[in-house]
Structures are given as C-alpha cells and as structure tokens.
Amino acid sequence: MSTCSKCGHENPAGMTICESCGVNISLQADNATDPLLGRRLGKHFVLRRNLGSGEIGVVYEAVNDSGTRRVAIKVLHADVASTFGPDLLRWAKEASKVRHAKVATILGANRLSDGTTFIITEFVEGQTLRDILKKSGRLSPSQTADILFQLCSALAPI
C-alpha cells in the first residue's frame, strides 16, 4: 500500500497515480524540490516529471487521469507570465492551428486565477539539439543541412 501525502488515500501497491486525487505518488518525494510536481493543470493533467527549463518557463511531462495520455506542459515563469502571458496565450491559440508532422501540436493554453500560465502540447519523444551537440560535438555540414532542411520544411506552411 502507498499512502498519498496529498489526500491520505491508501493506494494498492504498484500504483503510481493516486486513485482518489490523481497525484503522481511516485514523485511525491520530489515535490519538496519542485512544488509543481504532482499538481493538476488543465482539466485532466497531472505534472509528472520535469523535462527541462529555459528563459520562458519549465516544461513538464504530464499524464491524464487514467494515465493513458502523455502531454508536455510548459509552465511560464511568474515574471514572464505577468509581462507576456496574455500575448503568449494569444500566440499559442494561433499556433494551435498549425498541423505539420515536424511541429508539436498545441492542445491548449490557459491562465489560472493564481496567475499560473501554461501551454499544453503533444508529448514527443526525442533528443534536443543541445543533447545531440553534447553527445557528438560539432555537426558535419551534411548533418547541419539536414536539420535546417527539416526546420524549413516545418516552417514553410506558416
């Protein structure tokens, strides 16, 4: 049995999501370092794992209530949200119209009453360009051309 530290529900052994409140039980120990882990955003998604951060915000892997659908949720840093939040939400709504095999589909965007602003996209497995460069160092001209071609083909319909 695993006791959820949020709601106190006793969950069967092996459960990763609390049956009662939907919090990810396996990540509750990490909540002290990242208070957003285990938080519900959107109607059905619980933040499960920190994927990385940048100047605009932090990207999390999230899962729906039944644990069958993974998404990526970018939570904007508070200062970015207060300054650019409305503009970024408008941009996200416009960008959600883009459909292309090489562009992650934006599924939604919202700002909560507490100011938390986030964008939900499809979850895409893969490596970042940063990871590729760390692993292999400098790219060859043909590798660079291939990446630029893929980028241009994704942007061409816009």
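Seven elements each supply at least two residues of the lining of the largest pocket: β4 (45-53), β5 (57-64), β6 (70-76), α1 (78-95), β8 (117-122), α2 (129-136) and α3 (141-155). Helices (H or I, at least four residues) and strands (E, at least two) are DSSP runs, numbered from the N terminus. This is a predicted model, where local features need pLDDT of at least 70, side-chain atom pairs count only at pLDDT 80 or more, and totals for chains, interfaces and linings use all residues. Residues are numbered from 1 along each chain as its sequence is written, and side-chain values use heavy atoms, with hydrogens and water left out.

A pocket here is an open set of points on a 1 Å grid over the protein atoms alone, where a 1.4 Å probe fits, with protein on both sides within 12 Å along at least five of seven lines; lining residues have an atom within 4 Å of a point.

Back to the largest pocket. Which element gives the most to its lining? That is α3, with 5 residues. The lining has 41 residues, and Ala-104, Val-124, Gln-127, Thr-128 and Leu-129 lie nearest the centre. By class, 24 are nonpolar, 9 polar and 8 charged. The volume is about 1800 Å³, meaning the space filled by probe spheres set on the points, which are joined across faces, edges and corners. Nonpolar covers Ala, Val, Leu, Ile, Met, Phe, Trp, Tyr, Cys and Pro; charged covers Asp, Glu, Lys and Arg; the others, Gly among them, are polar.

Now the second largest pocket, at about 160 Å³. Its lining includes Gly-42, Lys-43, His-44 and Arg-69. β7 (106-111) and β8 are the elements giving two or more residues, and β7 gives the most, with 4.
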